[in-house]
Amino acid sequence: MTQRKPPGMGFESWIDKQIREAQERGDFDDLPGAGKPLPGAGEPLEEDWWLKKKVREEEGSAGLPPSLVLRREAEAARVLALAAGTDDEARAIIEAMNARILDALRKPLSGPPLNLMPFDVDELVRERKGNTRT
């Protein structure tokens, strides 16, 4: 744990001392990326470089508010149920999703309003049967 700076000691020498002691203890040995150049070293930085990096790292549903993630998952469950091999399989997929939707309606998720209601299982099964005849 970091110690308090002793009175009368300059900040720079105090920090240098902590770094030196950490190096002697081996705290910096075997860090990821050791011996490799820093990513982007020597390249000009754009104004929002850190924001663009964060967006790239969190592509997909990571980083989205939980309410939007649930909306995406509900649509994916609907598509999966429509493509299911049997009616029972489709019902199981939608019933599991409906349980998650109902839970989110009881205990609201953070983010924009959910604007999602449970699926009508029978209607979805009828829709699925209509899709399999084509």
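1. Helices here are DSSP runs of H or I with at least four residues, numbered from the N terminus. The model is predicted. On that basis, Asp30 sits in the loop between helix H1 (11–25) and helix H2 (49–57). Its phi is positive, about 60°, although Asp30 is not a glycine. Asp30 is exposed, because its relative accessible area is 76% and the cut-off for exposed is over 50%.

2. A second residue to check is Asn115, in the loop between H4 and helix H5 (121–132). Asn115 is a residue other than glycine with a positive phi, near 50°. With a relative accessibility of 68%, Asn115 counts as exposed.

3. Does the length of helix H4 agree or disagree with its residue count? Helix H4 has 20 residues (87–106), and at 1.5 Å a residue these should span 28 Å. The end C-alpha atoms are 28 Å apart, so the two values agree.

4. Which residues of H4 are buried? They are Ala90, Ile93, Ile94, Met97, Asn98, Ile101 and Ala104. These residues cover an arc of only 135° around the axis, and therefore lie on the same side of H4. An α-helix has 3.6 residues a turn, so residues three or four places apart point the same way. The face of H4 turned away from the buried side carries the exposed residues Asp88 and Arg106.

5. Ala76 belongs to helix H3 (residues 66–82). Ala76 is partly exposed, at 44% relative accessible area. Along the chain, Ala76 and Asp103 are 27 residues apart, and their C-alpha atoms are separated by 18 Å.

6. The count of salt bridges comes to ten. One of them joins Glu21 and Lys17, with 3.3 Å between the closest N and O atoms. The two residues are four apart in helix H1, which means that about one helical turn separates them. Both count as partly exposed, Glu21 at 27% relative accessibility and Lys17 at 33%.

7. Glu24 and Arg20 also form a salt bridge, at 3.3 Å from N to O. This pair too lies in helix H1, four residues apart, or about one turn. Glu24 is exposed, with a relative accessible area of 59%, whereas Arg20 is partly exposed at 41%.

8. Arg25 and Asp27 meet through their side chains in a salt bridge of 2.8 Å, N to O. Arg25 counts as exposed at 56% relative accessibility, and Asp27 as partly exposed at 41%. Elsewhere, a network of salt bridges links Asp87, Arg128 and Lys129.

How values were computed. Residues are numbered from 1 along each chain as its sequence is written. This is a predicted model: local features need pLDDT of at least 70, side-chain atom pairs count only at pLDDT 80 or more; totals for chains, interfaces and linings use all residues. Side-chain values use heavy atoms; hydrogens and water are left out. The expected span of a helix is 1.5 Å times one less than its number of residues. Buried means under 20% relative accessible area, exposed over 50%, partly exposed in between (1.4 Å probe, protein chains only). The arc is that of the directions from the helix axis to the C-beta atoms. A salt bridge is a side-chain nitrogen of Lys or Arg within 4 Å of a carboxyl oxygen of Asp or Glu.
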